[in-house]
Amino acid sequence: MLAALEHSAFSQWLLGSNSIWAYPTVLTVHTLGMMVLVGAIAMIDVRLLGFGRGIPLESLRTLFRVTWIGLSVNAVTGSMLFAADASKRAGSPTFITKLVLIAVGIATLVLIKRDLFDGHGDPGDVSRRARRLALVSILVWSGAVTAGRLLAYVN
Amino acid sequence: MSAIASLGDLAHLHLLLNHAPTVGTTIAVGLLVLAFIRKSDDLATVALELSFGVALVTLPVFFTGLAAQAALADAEGVSAGAITSHEDAALFSFVMMAITGVVSWVAIWQRRRSSRPTRGTVIAVFVLSCFTLTAMARTALLGGAIRHPEITSSDGAAEAAGGWLTTKAVAGFVTQHEWVWPTSEALHFLGMSLMFGTLLIVSLRLMGGMKSMSFAAAHRLLPFGVLGFAINVVTGMLFFIAAPEQYVDNVSFHWKVVLLELMGACFLLLTVYDRLWALPAGGVPPRMARVLAVSTLVAAVGVMYFGRMLPFIGNAF
């Protein structure tokens, strides 16, 4: 199945085409999505870790929305990039590490959002749990970015 | 994509821009002295802003220097040794200037945030600027000696600086260890995300989002942007010095540097602009702020775009 994906007309076009709109653009949009996604998450995390306490927690809702946009863009572009190189990526330890880190990162983000906005505590206060989650989040997403970038160099 | 500058143009640009670090730093030091004498906070702020701006311009000065070197490759009567001495002195000066620029920015940011005078940081900028100026003057002398042997005395004033901070040593470090380039790439992406996140939160507020946040609250996070920027200057310089042939004549790199300068200018404005600083929670941002926010984000995305496109639009790798 991986081979079929790899040999599909789309994958052939993505890797084979000389057009700037093929692989280069998809890769660049993937980078853009990452920058938006991880940038917004980093700001949520540093706020929860105690920097910029003047920033109302309520206003972070906007950053969560930005995060979902970045995540959607990268789910699409990431699938495209995977399709082009399916059999190589599927067996790559670095790639699997990256996917696991992203899954943990998303779960952490959902937990943070719940803790901030669905809790019954004082909304003006960051709970200890949220602080710990923020630390996990920043480490996990840094790991995901690193693993993604290293895919260009190691299997 | 068509080229925006040939090697010759870049060599010209180098001769044009290379005066900025020496002349700019001289003026900044002079203004700081005047600020101390007159006890003028405004003069000190101008000096700090100038110092940050000069540090920003020093990036293309260094980059165009390597283009000038390439343009001079087959020129007669030019000694490769003189160029290497100039290049190594330039690298040291660049590092000094970059540190001065970052400390200047910290001083600007502190002054914006607190009414207390930030004497310690300003004195640090003054001392750093004096060292930078000395290093830059020496670089200028060695640079001049490439075409004007008459300015150096016969006892070898143009001798190589030696030491560990030479472009050859840096390039060797990057190419001899297999892990350095990939590690630096990963750090470059992390630095980029951190910087973009900072610019994003500030710009969102100025474009009408996150209304319940005062601008001053978002301003608190700007040092994370500088941290990301610093990580990327260091890692970016490692790439550039290790493989200058991938960048000097690369149109994608040229656009990247142009947008980098624009982004830096936007960053300075976001740090100092009075009307932004005064924007309270719930306040409507002035129209100019919207223009600044959009310019900032366009420049930041553009820097990423042309960086990622280096191998595709240009000739890198």
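Visitor: In chain B, at what angle do α3(B) and helix α10 pack?
Guide: About 170°, with the axes of α3(B) and α10(B) 10 Å apart. Helix α10 covers residues 251–272 of chain B. Keep in mind that this is a predicted model.

Visitor: So are α3(B) and α10(B) roughly parallel or antiparallel?
Guide: Roughly antiparallel, because the cut-off for that label is an angle over 145 degrees.

Visitor: Which residues make the contact?
Guide: From α3(B) come Glu49(B), Phe52(B), Gly53(B), Leu56(B), Leu59(B), Pro60(B) and Phe63(B). From α10(B) come Val257(B), Leu260(B), Glu261(B), Gly264(B), Leu268(B) and Val272(B).

Visitor: And how do the residues of that contact divide by class?
Guide: Nine are nonpolar, two polar and two charged.

Visitor: What does Met263(B) touch, leaving out residues up to four places away in sequence?
Guide: Thr296(B), Ala299(B), Ala300(B) and Val303(B). Take Thr296(B): 33 residues separate it from Met263(B) along the chain, yet their C-alpha atoms are separated by 5.7 Å.

Visitor: Back to α3(B). How does α2 of chain B cross it?
Guide: At roughly 165°, and the axes come within 8 Å. α2 runs over residues 19–38 of chain B. The pair is therefore roughly antiparallel. The crossing of α2(B) past α3(B) is left-handed.

Visitor: Which residues of α2(B) and α3(B) are in that contact?
Guide: The α2(B) side includes Ala20(B), Gly24(B), Ile27(B), Leu31(B), Leu34(B) and Arg38(B). Among those on the α3(B) side are Leu43(B), Val46(B), Leu50(B), Val54(B), Val57(B) and Val61(B). By class, the contact has 16 nonpolar, four polar and one charged.

Visitor: New topic. What domains does chain B have?
Guide: Domain 1 spans 1–162 and domain 2 spans 166–317, according to the domain assignment. Taken over C-alpha atoms, their centres are 21 Å apart.

Visitor: How many residues does each domain of chain B bring to the contact?
Guide: Domain 1 brings 24 residues and domain 2 brings 21.

Visitor: Which elements supply the domain 1 side?
Guide: α3 (41–71) and α4 (80–113) of chain B each supply at least two residues. α3(B) gives the most, with ten residues. The domain 1 side has 19 nonpolar, one polar and four charged residues.

Visitor: What about chain A? How many helices and strands?
Guide: Seven helices and zero strands. The C-alpha trace of chain A spans about 55 × 30 × 25 Å along its principal axes. Of its 155 residues, 35% are buried.

Visitor: What share of chain A contacts with a separation of 6 or more comes from residues 24 or more positions apart?
Guide: 79%.

Visitor: How many residues of chain A are in contact with chain B?
Guide: 29 residues of chain A, against 31 residues of chain B. α3 (23–48), α4 (60–84) and α7 (128–150) each give two or more residues to the chain A side.

Visitor: Which element of chain A gives the most to that side?
Guide: α3(A), with 13 residues. Overall, the chain A side divides into 18 nonpolar, nine polar and two charged residues.

Note on methods:
Residues are numbered from 1 along each chain as its sequence is written. Chains are lettered from A and ligands numbered from 1 in the order in which they are written. This is a predicted model: local features need pLDDT of at least 70, side-chain atom pairs count only at pLDDT 80 or more; totals for chains, interfaces and linings use all residues. Domain bounds come from an automatic or database domain assignment. Two residues are in contact if their C-beta atoms, placed from the backbone, lie within 7 Å. Helices (H or I, at least four residues) and strands (E, at least two) are DSSP runs, numbered from the N terminus. Ala, Val, Leu, Ile, Met, Phe, Trp, Tyr, Cys and Pro count as nonpolar, Asp, Glu, Lys and Arg as charged, and the others, Gly among them, as polar. Axes are lines fitted to C-alpha atoms, for helices over the stretch in contact, and angles run from 0 to 180 degrees between N-to-C directions. Angles under 35 degrees count as roughly parallel, over 145 as roughly antiparallel, 65 to 115 as roughly perpendicular and the rest as oblique. A crossing is left-handed if the near helix is turned anticlockwise from the far one by less than a right angle, and right-handed if clockwise. A residue is buried if 20 or more other C-beta atoms lie within 10 Å of its own, exposed if 12 or fewer, and partly exposed in between; C-beta atoms are placed from the backbone.
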